[in-house]
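Take a look at the fold before reading on. The paragraphs below walk through a few of its sites, one at a time.

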Amino acid sequence: MVFFYCSLAICTITVFLNFYLLIGFKKIKQLSRLPLIEKQASLAIIIAVRNEEEDLEKALQSICNINYQNCRVIIINDRSIDRTAEILANFKLNYPQLNIVTVDKLPDGWLGKNNALYQGYLNSTEEWLLFTDADIVFHPDAISRALGYAVNNQLDHMTILPDLVSGSALLNSVFATLCIMLMIHMKPWDAKNPKSKSSSGIGAFNLVRRSAYEKIGTHAKIRLRPDDDLQLGMKIKLANLRQDVLAAKGYICLEWYKSLREFGNGLLKNSFATADYKLTTAIANVLFILIAIALPMPVMFIFGTTAIRLMAALMLLCHITYMILVPPNKWWYAFMIPFSGFFIAWIFLKAAVITVKQGGIYWRDSFYSLEMLKDKTK
């Protein structure tokens, strides 16, 4: 009977969460449906790059051909040792709006990317700052529509959910499960509600008003956070500033990782930060992922009675419906949810154990001790 009632509870929660997510996504406005900005506000597009020769040219080609005149593109070349500097120099010849800042030495107490973004801010004077990554491909009208929405709605900060693209079907299925987890945790549709604690920050597109960025203390306040994008959004919300989130289907594309192995290695660097470097919190998160995501359907199908198996089938049907209604997901991603849950839980646990064992994290060839990281998360 305990198994039955536990299964019933999990089934009920799963059905509710699927409907909750679908309703939530409907509340998020699509960037493609918004008008272009009428009066262009001044904008600095700030991109930190380090050894980005593989993706940089495609991203720069898109950012240098946006339909927005009142902007400067500030590229911070953070100690690159590949062809990044050469690529930037060639682009500078054809695109005078490109400003290149070179960082030769990393200051003590900073993560490289956070310092680079901060240096971009120091080299800007514009009213608006867009912090973005070196592997993002923009539709020509994306920034005009986004900034128009931010100005018209008197926002202080806006982030955008990008299209995650990958040639790996397996990786895309894991992305789908991770996105479900993130959406439940972040509730981005509530970021604009001043009474809600929900906030959002995404490294692909963090657009912030200069005065708001300075009010929260700039990247200097989050200089040792691997999850700087999330932290920026949280600090904006805690400062009672106006925030919102849009969806960018077809307008902002990101090949986040190219393979499942690369994705796992990427999560190893920053997943422990989401637990504020507390081992007990990390273990609790792992157990929650296993109990709530990875185990329910397999256990119910394998060990359940007919009634319990019907509950599992209903859960699977709800997942399939969700995947169909939330593009670019494929219906069969629903069958991969248990595998994805196990994989993400394993990476979260591995990240915590490795970080504790070695006493810190390695980030872009620099080592940061746990003592230093914890001090900066207080």
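Predicted model: local features only at pLDDT ≥ 70, side-chain atom pairs only at ≥ 80, totals over all residues.

Residues are numbered from 1 along each chain as its sequence is written, and side-chain values use heavy atoms, with hydrogens and water left out.

Start with N206. It sits in strand β9 (residues 206–209); strands are DSSP runs of E with at least two residues, helices are runs of H or I with at least four, and both are numbered from the N terminus. N206 counts as buried because its relative accessibility is 3%. Buried means under 20% relative accessible area, exposed means over 50%, and partly exposed lies in between (1.4 Å probe, protein chains only). H157 is 49 residues away in sequence, yet the two C-alpha atoms are 7.2 Å apart. The side chains of N206 and H157 make a polar contact at 2.9 Å. Such a contact is a pair of N or O atoms within 3.5 Å; within protein, one must be able to donate a hydrogen and the other to accept it, and residues adjacent in sequence count only if both atoms are side-chain atoms. A polar atom of the N206 side chain also lies 3.5 Å from the backbone oxygen of I202. Setting aside residues up to four places away in sequence, N206 touches L129, L130, F131, H157, M158, T159, G201, D229 and L232. Here, contact means heavy atoms within 4.5 Å.

Next come two loop residues. R50 lies between β2 (43–49) and α2 (56–63). Is R50 buried or exposed? R50 is buried, because its relative accessible area is 10%. A polar atom of its side chain lies 3.1 Å from the backbone oxygen of D78. Beyond neighbours within four places in sequence, R50 is in contact with D78, R79, S80, R364 and D365. S168 is in the loop between β8 (163–164) and α6 (169–186). S168 has 19% relative accessibility, so it counts as buried. Its side chain reaches the backbone nitrogen of L171 at 3.0 Å.

Now the helices. In α4 (residues 112–122), eight of the eleven residues are buried, so the helix is largely enclosed by the rest of the structure. Among them are N114, N115, Y118 and Y121.

Two packed helices are described by the angle between their axes and the distance between the axes. The axes of α11 (residues 296–303) and α12 (residues 306–325) come within 8 Å and cross at roughly 145°. Axes are lines fitted to C-alpha atoms, for helices over the stretch in contact, and angles run from 0 to 180 degrees between N-to-C directions. The contact involves P296, M297, M300, F301 and I302 of α11, and I308, R309, M311, A312, A313, M315, L316 and H319 of α12.

Finally, the cysteines. How many disulfides does a search of the whole structure find? The search finds zero. A disulfide is a pair of cysteine sulfur atoms within 2.5 Å. For C179, the nearest cysteine sulfur is that of C253, 14 Å away. C179 counts as partly exposed because its relative accessibility is 28%. For C318, the nearest is that of C11, at 7.1 Å. C318 is buried, with a relative accessible area of 12%.
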